[in-house]
2 protein chains.
Amino acid sequence: MEGGAESVATRIMVGVNESTIKGYPHASISSKGAFEWTLKKIVRSNTSSFKLLFLHVQVTDEDGFDDMDSIYASPDDFKTMNRRNKIRGLHLLEYFVHRCHEIGVPCEAWIKKGDPKEVILHEVKRVQPDFLVVGSRGLGPFQKVFVGTVSEFCVKHADCPVITIKRKPGEAPQDPADD
Amino acid sequence: MEGGAESVATRIMVGVNESTIKGYPHASISSKGAFEWTLKKIVRSNTSSFKLLFLHVQVTDEDGFDDMDSIYASPDDFKTMNRRNKIRGLHLLEYFVHRCHEIGVPCEAWIKKGDPKEVILHEVKRVQPDFLVVGSRGLGPFQKVFVGTVSEFCVKHADCPVITIKRKPGEAPQDPADD
């Protein structure tokens, strides 16, 4: 192993999104799965060797979230916000940042607006993580025609290695296109 | 993190192959790159948290290698073999096993014959690694038509997460289809 490399943490970008299930305003099943997989299989107890970078891409602007340049790295960062900004996207980041804080893994989290595929590619170029982890519903080819697959696009086009974590069959909701 | 999970090492399968460059009977540039990336970015100094599983698929049988069920886990395992068995595929395993031994990462290495795509898929099903690392020449779409891409096939069809490590542009040999 190269001499000085050990001192710099491995930076893992994790793409996270909200659940599509109505009345369930939390992280999607596949986002949570990808995150927990990363902790269990890569980070393990070596918490100081890694830094997690959570990117959430908000597709619509209906929430009126306008604080797009903030970076959240600790649960305290969420306390100072006013009620108007407590939107779903932010609750999502809070979930992941809180979990990392509990375990002691350094992290940063932020939100960008736009098309998830293009924004993820752009953020990879800008932030230059060591690799990208994305969840996937693990749909068959027939199902994929209707729902699109951000993960496949990232695997093909992102400027860093990408690992896709498929949702476990037992975790799929009633409609497998939901997540 | 889950209670007992820490005690079991994360098992990483690494697909390795020989260089196609004449007079250069060693690991391919992309195999070495994928291996070194795994050490530097995933294993780091946490050597006891991981176990590397090296699979080499031999496409032809011209070498007459018939000891296909052996598993190599330490440099000593290569010493007892007679001269006839000292073929290129085995030198390849010796390279990776020796390197792991130096660093202190537990490993196993073995050879299988057949079509790399099908054999890798079969071995993933049999061995059930936590994830698979494969190197790739990082060729463009026009070049790929002629040389095939084992890595893309694995990403699509393997029964575990797959991470593809592209060869760095500066490491490409004169003919980029070589490796």
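In which helix of chain B is the place of Ser30(B)?

1. Basis. This is a predicted model, in which local features need pLDDT of at least 70, side-chain atom pairs count only at pLDDT 80 or more, and totals for chains, interfaces and linings use all residues. Residues are numbered from 1 along each chain as its sequence is written, chains are lettered from A and ligands numbered from 1 in the order in which they are written, and side-chain values use heavy atoms, with hydrogens and water left out.

2. Ser30(B). Ser30(B) sits in helix 1 of chain B, residues 29–43. Helices (H or I, at least four residues) and strands (E, at least two) are DSSP runs, numbered from the N terminus. Ser30(B) counts as buried because its relative accessibility is 6%; buried means under 20% relative accessible area, exposed over 50%, and partly exposed in between (1.4 Å probe, protein chains only). Leaving aside residues up to four places away in sequence, Ser30(B) touches Gly135(B), Ser136(B), Arg137(B), Arg167(B) and Asp179(B), where contact means heavy atoms within 4.5 Å. Gly135(B) is 105 residues from Ser30(B) in sequence, yet their C-alpha atoms are 4.7 Å apart.

3. Chain A overall. Chain A has five helices and five strands, in the order β-α-β-α-β-α-β-α-α-β along the sequence. Of its 179 residues, 47% count as buried. Among contacts in chain A between residues at least 6 apart in sequence, 74% join residues at least 24 apart.

4. Strand 2 of chain B. Strand 2 (residues 50–58) of chain B is mostly covered, with eight of its nine residues buried. Strand 2 pairs in the parallel sense with strand 1 (residues 10–16) of chain B over seven bridges; two strands pair if DSSP finds at least two bridges between them. Strand 2 also runs parallel to strand 3 (residues 107–113) of chain B, and seven bridges join these two. His56(B) is the bridge partner of Val16(B) and stands opposite Ile111(B) in strand 3.

5. Helix 3 against helix 5. Helix 3 (residues 116–127) and helix 5 (residues 150–157) of chain B pack at an angle of about 35 degrees, with their axes 10 Å apart. Axes are lines fitted to C-alpha atoms, for helices over the stretch in contact, and angles run from 0 to 180 degrees between N-to-C directions. Pro116(B), Lys117(B), Glu118(B), Ile120(B) and Leu121(B) in helix 3 meet Val150(B), Phe153(B), Cys154(B) and His157(B) in helix 5. By class, this contact has six nonpolar, one polar and two charged residues; Ala, Val, Leu, Ile, Met, Phe, Trp, Tyr, Cys and Pro count as nonpolar, Asp, Glu, Lys and Arg as charged, and the others, Gly among them, as polar.

6. Glu123(B). Glu123(B) also lies in helix 3 of chain B. Glu123(B) counts as buried because its relative accessibility is 2%. Not counting residues up to four places away in sequence, Glu123(B) touches Met13(B), Leu55(B), Trp110(B), Lys112(B) and Gln128(B).

7. The two copies. A rotation of 180 degrees, with 0.0 Å of shift along its axis, superposes chain B on chain A at an RMSD of 0.0 Å. The two copies are therefore related as by a two-fold rotation axis. Copies are superposed by least squares on the C-alpha atoms of residues with pLDDT of at least 70 in both. The same surface serves both copies, as 100% of the contact residues of chain B recur in chain A. Of the residues of chain B, Ile163(B) comes closest to the rotation axis, at 2.5 Å (C-alpha).
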